[in-house]
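Have a look at the picture first, then follow the notes below.

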Amino acid sequence: MTQIELHNIVKTYPRQALPAAAEVSLHVASGTLVAMLGPSGSGKSTLLKLIAGVELPDNGDIRLDGQSVLDVPAHKRGAVLMFQKAYLFPFLSVAENIAFGLKVQGVSQATQHAEVRRMLELVELPGCERKRPAQLSGGEQQRVALARALVIQPRVLLLDEPFSSLDPTVRQTLQEAVRRIQRERGITTLLVTHDRSEALAMADQVALLDRGELLACAPPQRLFARPPTRRAARLMGVTTFLRGELAGGQLRTGLGTLTVCTEGVPPGQATYAIRPEHLRLGGAPGPNTLPARILSQTFRGEQHEYQAQVGDATIRVWAFQPLDAPIGAQVFVQFPPEHLFAVDDDEPEGRHKHA
Ligand code: ADP
């Protein structure tokens with residue numbers, strides 16, 4: 001069981017204007033899985049490489065169980081990395097691939113055989129010892145890579161988008177396998193992903209990264225329901241923001257006045273957000289509605305996505321049933337007060353429309 005602490009980590013690569021890590025501090029509790037979620041280039045892999053010891057920070061400290069590891073070389077940190085591609089040795093059998101780390105450590109043949117068999121059962125590939133990597137599917141190769149990573153009993157498992165090249169069904173079963181094994185063995189794990197649903201499904205905590213900054217770190221359900229800032233909310237799929245003057249439970253915005261929950265929000269300038277599935281489109285005005293015009297409708301399988309114009313802003317609304325109104329129709333969009341939540345506005349004015 002190992003806890004990981006990042007303290008004010010700064011890393012700027014040569015000839016890069018922006019830091020890949022800008023004062024990142026993060027605590028990964030022992031035995032938990034933290035997903036680092038963010039768009040491409042947000043600095044996720046850089047943090048993994050810094051923890052693994054493949055890169056060194058310009059500033060800050062990395063501690064495993066309270067001990068700084070900055071002076072510890074990569075091969076002595078006890079962290080294993082697993083990537084999008086399995087990188088198995090093509091001319092070695094599955095058993096030889098898995099046993100490789102043990103062989104390097106000088107472990108006896110008998111123990112190697114026993115460990116390989118145990119690992120193959122763990123990753124649900126029993127009896128595959130003699131196969132070559134080329135005889136396995138992509139998902140099976142990743143299972144072997146996982147077995148190879150786990151056989152040396154690492155302190156920390158670092159997963160860099162290990163599921164992203166797999167088709168959806170295989171991806172889901174492997175995600176479930178990793179989560180099961182990680183929980184059973186209590187291995188402290190960091191998972192890098194740009195897939196929001198993967199992060200939410202797998203992690204104990206989700207760390208949201210954007211342009212080298214850690215925007216938030218919270219349990220998945222809390223982060224999904226109440227992202228703390230506008231940038232964090234955007235990364236969680238929120239596209240509608242309302243900025244206005246808050247007074248007496250009412251938010252006066254350029255688009256209209258809405259009733260909102262004000263618990264813990266001081267009066268004055270405030271920004272509220274709402275998820276697309278919580279907005280409601282309808283033909284008639286009602287409580288907390290604003291007039292809107294339908295711009296487009298897209299069928300997305302689980303839901304219908306509408307774009308609607310409210311004042312000079314375009315908002316996105318998800319509906320589980322299609323609306324009986326054509327493109328261009330005048331409708332009303334309802335903002336249920338219980339789903340409007342205040343966010344800290346961390347985006348400069350002028351970079352965005354208010355909805
Ligand atoms: P992510 O994993 O979120 O896609 P990375 O950590 O790979 O992000 O990259 C963060 C930023 O650092 C990006 O702007 C990327 O171009 C830059 N970067 C990453 N690795 C290097 C490197 N070896 N040399 C120069 N710039 C790099």
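Of the 47 residues in the largest nonpolar core, I98, L146, L150 and L157 touch the most other members. Helix α4 (residues 138-150) supplies the largest share of this core, 6 residues. A nonpolar core here is a set of buried Ala, Val, Leu, Ile, Met, Phe, Trp, Tyr and Cys residues joined through side-chain atoms within 4.5 Å. Buried means under 20% relative accessible area, exposed means over 50%, and partly exposed is in between (1.4 Å probe, protein chains only).

**Ground rules**

- This is a predicted model, where local features need pLDDT of at least 70 and side-chain atom pairs count only at pLDDT 80 or more, while totals for chains, interfaces and linings use all residues.
- Residues are numbered from 1 along each chain as its sequence is written, and side-chain values use heavy atoms, with hydrogens and water left out.

**The whole chain**

- The protein chain has 8 helices and 20 strands; these are DSSP runs numbered from the N terminus (helices are H or I, at least four residues; strands are E, at least two).
- Along its principal axes, the C-alpha trace spans about 75 × 45 × 35 Å.
- Buried residues make up 48% of the 355 residues in the chain.
- Take the contacts (heavy atoms within 4.5 Å) with a separation of 6 or more: residues 24 or more positions apart account for 68% of them.

**Cores and L157**

- In soluble globular proteins, nonpolar side chains tend to be buried together.
- L157 lies in strand β7 (residues 156-160), and at 3% relative accessibility L157 counts as buried.
- Which residues is L157 in contact with, leaving aside its neighbours within four places in sequence? They are V80, L146, A149, L150, I187, T188, T189 and L190.
- L157 and D71 are 86 residues apart along the chain, and their C-alpha atoms are separated by 20 Å.

**Helix α1 and T46**

- In helix α1 (residues 44-52), 7 of the 9 residues are buried, so the helix is largely enclosed by the rest of the structure.
- Those buried residues are K44, T46, L47, L48, L50, I51 and A52.
- T46 is found in α1, and is buried with a relative accessible area of 8%.
- Skip the neighbours within four places in sequence, and T46 is in contact with K11, Y13 and A20.
- The C-alpha atoms of T46 and E23 are separated by 13 Å, with the two residues 23 apart along the chain.
- After α1 comes G53, whose phi is positive, near 95 degrees.

**How α4 packs with α5**

- Two packed helices are described by the angle between their axes and the distance between the axes.
- For α4 and helix α5 (residues 168-185), the angle is about 15 degrees and the axes are 10 Å apart.
- That makes α4 roughly parallel to α5 (angles under 35 degrees count as roughly parallel, over 145 as roughly antiparallel, 65 to 115 as roughly perpendicular and the rest as oblique).
- On the α4 side, G139, Q142, R143, L146 and L150 meet V170, T173, L174, A177, V178, I181 and R185 in α5.
- The residues of this contact divide into 7 nonpolar, 3 polar and 2 charged (Ala, Val, Leu, Ile, Met, Phe, Trp, Tyr, Cys and Pro count as nonpolar, Asp, Glu, Lys and Arg as charged, and the others, Gly among them, as polar).

Methods:
Axes are lines fitted to C-alpha atoms, for helices over the stretch in contact, and angles run from 0 to 180 degrees between N-to-C directions.
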